[in-house]
Amino acid sequence: MLLFRMGPRYLFIRTENVDEITRFLELKLSGEETDFQKGFENATENCTLCFITDINIEKTSIEDAKKIVLIRDVASVILSTIINSHACNLLQRVDMGPSSIVMRIAGNEQKLIDQLKIVFDGKEVDWIDGIRIGEKDDTILAFTNKSISDTISSSDFLNTKLLIPHPITEVHGRLRVEGLRYITQNLNDSQWYELRINIYDSYGKYKEHYDRLMFIMSKLEIGMILGESWTKDHAVLLYSVLTYQVRLFTFLTPQEIKMILMALEYSVDGKRLVDFDVYYNNHKLYWYDVIKTKGRKSKPEEAKACRQNLYQKLKPEYIETLELMEKSIIQNSK
């Protein structure tokens with residue numbers, strides 16, 4: 001489960017040859033001309049956003065860029081390619097912007113941000129001001145409550161970012177040691193939850209449902225698996241069934257996990273697929289205990305609403321993969 005990772009690096013290139021250096025970056029480094037918003041959303045931790053500007057600017061900002069090029073490589077590779085290709089004559093000056101870290105947070109978000117602001121002596125900024133004000137030895141710390149293992153939409157970031165007057169190696173090092181503690185302190189009751197998820201399928205498609213469950217857990221990054229085993233579940237008095245049990249350690253509440261699993265109990269067209277039972281502190285959570293909508297609806301109706309909520313958290317390609325997995329399960333169960 002990923003709680004923080006590096007963001008893209010920012011490189012300011014001052015030149016009189018804007019079009020020439022843009023073509024060079026595209027041809028030699030497979031650069032992609034973009035705008036800031038789109039470039040940032042498509043960038044990962046090993047990417048660099050190059051802002052190409054005129055030469056008569058003392059302190060560069062995003063708005064000064066004549067062109068923005070996204071390169072899927074680190075700044076040192078870009079600079080060495082320029083030097084080794086004898087293209088330095090195209091440039092007048094190159095400046096490094098601040099580094100960035102993306103952190104996933106949970107619980108009381110503003111309380112955690114305020115705490116980190118004090119710990120790192122940070123200043124609240126937006127992206128544009130952070131890049132404009134920040135120097136090469138500064139770090140921008142951005143926050144989201146979504147999974148950060150892949151690219152992140154700009155709408156998934158919290159409005160507040162922190163500009164920290166410390167190099168990224170120092171900030172990253174402290175977060176590696178102390179970041180999990182800060183997150184835990186700001187959770188409800190300052191604790192994670194250990195849950196048991198029992199999988200039962202009358203058709204015996206346990207592996208298929210397990211794979212589907214793990215696929216969604218990995219894409220949402222909702223916790224860590226502590227163990228797995230076969231066990232017996234007492235469905236009714238004096239009658240037990242064999243189930244496959246997964247022990248999950250998560251900062252999401254048992255109710256939130258139950259709603260995600262309800263979305264997976266039925267297919268997109270409402271066909272019942274499997275039973276996912278959730279236990280917390282040896283207590284089974286029932287669907288009518290976690291659904292608080294006015295007017296009692298049926299479980300299939302509530303599961304449909306849960307699926308719609310789940311789809312809002314998944315990328316289109318993940319939704320397509322999930323539905324293909326379910327289609328295969330349905331066809332092989334006939």
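Analyst: Asp-275 is partly exposed at 24% relative accessibility, where partly exposed lies between buried (under 20% relative accessible area) and exposed (over 50%), with a 1.4 Å probe and protein chains only. Asp-275 forms a salt bridge with Arg-272, and their closest N and O atoms are 2.0 Å apart; the term stands for a side-chain nitrogen of Lys or Arg within 4 Å of a carboxyl oxygen of Asp or Glu. Arg-272 is likewise partly exposed, its relative accessible area being 38%. Through shared partners, salt bridges connect Glu-265, Arg-272, Asp-275 and Lys-299 in one network.

The model is predicted, with local features requiring pLDDT of at least 70 and side-chain atom pairs counted only at pLDDT 80 or more, while totals for chains, interfaces and linings use all residues. Residues are numbered from 1 along each chain as its sequence is written, and side-chain values use heavy atoms, leaving out hydrogens and water.

By the salt-bridge rule, the count is 19. One of them pairs Asp-54 with Lys-66 at 3.6 Å between the closest N and O atoms. Both residues lie in the loop between strand S4 (48-53) and strand S5 (67-71), so the bridge ties together parts 12 residues apart in sequence; strands are DSSP runs of E with at least two residues, and helices are runs of H or I with at least four, numbered from the N terminus. Asp-54 is partly exposed at 33% relative accessibility, whereas Lys-66 is exposed at 51%.

A further salt bridge joins Glu-178 and Arg-174 at 3.5 Å, N to O. These two residues are four apart in helix H6 (residues 168-185), a separation of about one helical turn. Arg-174 is partly exposed, at 31% relative accessibility.
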